[in-house]
Amino acid sequence: YRREIGPLFASFEIRTHLASIDRRNMWLYHTFRYPGVDGNGIGEGNKSPMVLAQILVQAVCVKGRTVVPPRTFLEDTCRVDAKTVTRLSDTYSDDLMREKK
């Protein structure tokens, strides 16, 4: 991180969004914000949303020393619906097609 999330010992929420997957990787967005504040600014005392930090993470699922395809991990371990997993992988394919044009 470029800066500390402060003040020291202040609580914050981490919201995670699974953005996309391919055959080997998954990409997750993490947003750190003060608790009780939603994206509409509705929360404790109607504070406006205060994003403290955002990060994009590229992750690989591993079992033992073997890389597990994200599709397998999401369907078998997390019990995510197969249609949802397909939409996540299609998002990655759509981005690749746009880059080729």
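I started with R15, which counts as partly exposed at 35% relative accessibility. The model I am reading is predicted.

**Entry: the partner of R15.** I looked up what the R15 side chain meets and found a salt bridge with E13, at 3.2 Å from N to O. I then checked E13, which is partly exposed with a relative accessible area of 25%. I note that the class follows from the cut-offs: partly exposed lies between under 20% for buried and over 50% for exposed, so the 25% of E13 falls in the middle class.

**Entry: salt bridges in the whole structure.** How many salt bridges does a search of the whole structure find? I got two. Besides the pair E13 and R15, I found E75 and R71, whose side chains meet at 3.1 Å, N to O. I placed both E75 and R71 in helix α1, where they are four residues apart, about one turn of the helix. For accessibility I noted 25% for E75, which counts as partly exposed. R71 is partly exposed as well, with a relative accessible area of 30%.

**Entry: L74.** I stayed in helix α1, which runs over residues 70–77 and holds L74. Is L74 buried or exposed? I found a relative accessible area of 5%, so L74 is buried, the cut-off for that class being under 20%. I then listed what L74 touches, leaving out residues up to four places away in sequence: L18, I21, M26, R79, V80, V85 and L88. I also looked up C61, which is 13 residues from L74 in sequence. The C-alpha to C-alpha distance between L74 and C61 is 9.7 Å.

**Entry: the chain as a whole.** I went on to the secondary structure and noted two helices and five strands in the protein chain. In what pattern do they follow along the sequence? I read β-β-β-β-β-α-α.

I looked up burial for the protein chain and found that buried residues make up 22% of its 101 residues.

Last, I noted the surface: the protein chain exposes about 7,900 Å². Carbon and sulfur atoms supply 52% of that area.

Conventions:
Residues numbered from 1 in each chain as written. Predicted model: local features only at pLDDT ≥ 70, side-chain atom pairs only at ≥ 80, totals over all residues. Heavy atoms only, no water. Buried < 20%, exposed > 50% of the residue type's maximum accessible area, 1.4 Å probe, protein only. Contact = heavy atoms within 4.5 Å. Salt bridge = Lys/Arg side-chain N within 4 Å of Asp/Glu carboxyl O. Areas by Shrake-Rupley, 256 points an atom, 1.4 Å probe, with all protein chains shown as cover.
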